[in-house]
Amino acid sequence: MEKHNLTCIQCPMGCALEVTIGDNGEVTVTGNTCPRGEVYGAKEVTAPTRTVTSFVKVLDGEINVASVKTKADIPKNKIFEVMEEIKKAEVTAPVKIGDVIVSNAASTGVDVVATKNVAKA
């Protein structure tokens with residue numbers, strides 16, 4: 001049996017969760033005051049994911065960088081691979097919010113998209 005103590009981040013309550021993984025792989029979450037805590041706790045110990053935010057270089061723009069983020073959560077163990085792809089990316093202005101900057105980042109099936117408009121200089 002394996003036990004993990006977590007603080008839930010799914011709502012402002014910040015419940016103290018205890019997540020237990022039994023010998024047969026069954027996951028039990030206690031300490032949550034809402035259903036989101038149970039889902040979060042189970043996911044965090046079995047398949048943790050994160051949203052990645054960063055910025056990319058913009059060529060010929062009013063400013064030289066644009067903020068970006070993954071369109072959805074990615075597996076936590078892929079963060080550094082995604083960041084390497086983002087670091088290599090360059091876009092030419094204009095950039096619009098939602099533009100795909102990196103497609104299928106690190107083979108996760110998740111795109112990296114712009115979160116800032118940048119006009120052409």
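Which elements each supply at least two residues of the lining of the largest pocket? Helix α1 and strand β4 do. Helices here are DSSP runs of H or I with at least four residues, strands are E runs of at least two, and both are numbered from the N terminus.

Ground rules, quickly. This is a predicted model, where local features need pLDDT of at least 70 and side-chain atom pairs count only at pLDDT 80 or more, while totals for chains, interfaces and linings use all residues. Residues are numbered from 1 along each chain as its sequence is written, and side-chain values use heavy atoms, with hydrogens and water left out.

Back to the pocket. Its space comes to about 150 Å³. That volume is the space filled by probe spheres set on grid points, which are joined across faces, edges and corners. A pocket, on a 1 Å grid over the protein atoms alone, is an open set of points where a 1.4 Å probe fits, with protein on both sides within 12 Å along at least five of seven lines; lining residues have an atom within 4 Å of a point. The lining is I9, Q10, V39, Y40, K43, E44, T49, R50 and D73. Helix α1 gives the largest share, 4 residues.

So, helix α1 itself. It covers residues 35-46, 12 residues in all. From first C-alpha to last it reaches 17 Å, close to the expected 16 Å. The expected span is 1.5 Å times one less than the number of residues.

Which residues of α1 are buried? They are G37, Y40, G41, E44 and V45. Buried means under 20% relative accessible area, exposed means over 50%, and partly exposed is in between, with a 1.4 Å probe and protein chains only. Viewed down the axis of α1, the buried residues fall within an arc of 110°, so they line one face of the helix. The arc is taken from the directions between the helix axis and the C-beta atoms. An α-helix has 3.6 residues a turn, so residues three or four places apart point the same way. On the other side of α1, P35, V39 and T46 are exposed.

What do the buried residues of α1 pack against? Four strands: β1 (2-7), β2 (16-21), β3 (27-30) and β4 (49-50). Contact means heavy atoms within 4.5 Å.

E38 lies in α1 and is partly exposed at 44% relative accessibility. Leaving out residues up to four places away in sequence, E38 touches V29 and N32. E38 and L17 are 21 residues apart in sequence, yet 8.3 Å apart in space, C-alpha to C-alpha.

T20 is in β2 and counts as buried, at 13% relative accessibility. With residues up to four places away left out, T20 touches M1, E2, K3, E26, V27 and T28. E2 sits in β1. At 41% relative accessibility, E2 is partly exposed. On that count of contacts, E2 touches V19, T20 and I21.

Now the cores. A nonpolar core is a set of buried Ala, Val, Leu, Ile, Met, Phe, Trp, Tyr and Cys residues joined through side-chain atoms within 4.5 Å. The largest has 20 residues, and V56, V58, V82, I86, I101 and V112 have the most contacts inside it. Two or more residues each come from β5 (53-59), β6 (65-70), α2 (79-88), β9 (100-102) and β10 (112-114). A second, separate core has 8 residues, including C8, C15, V19 and I21.

Take V58. Not counting residues up to four places away in sequence, V58 touches I63, N64, V65, A66, V91, A93, V95 and V118.

Last, the backbone. Most residues other than glycine have a negative phi, and most peptide bonds are trans. Where is the cis peptide bond? It joins A93 and P94, with omega about 5°. P94 is in the loop between β8 (90-92) and β9.

Then two positive phi values. N104 has a phi of about 50° although it is not a glycine. A106 has a positive phi of about 50° too, and is not a glycine either. N104 is in the loop between β9 and β10, and A106 is found in the loop between β9 and β10. Buried or partly exposed? N104 is partly exposed at 37% relative accessible area. A106 is buried, at 4%.
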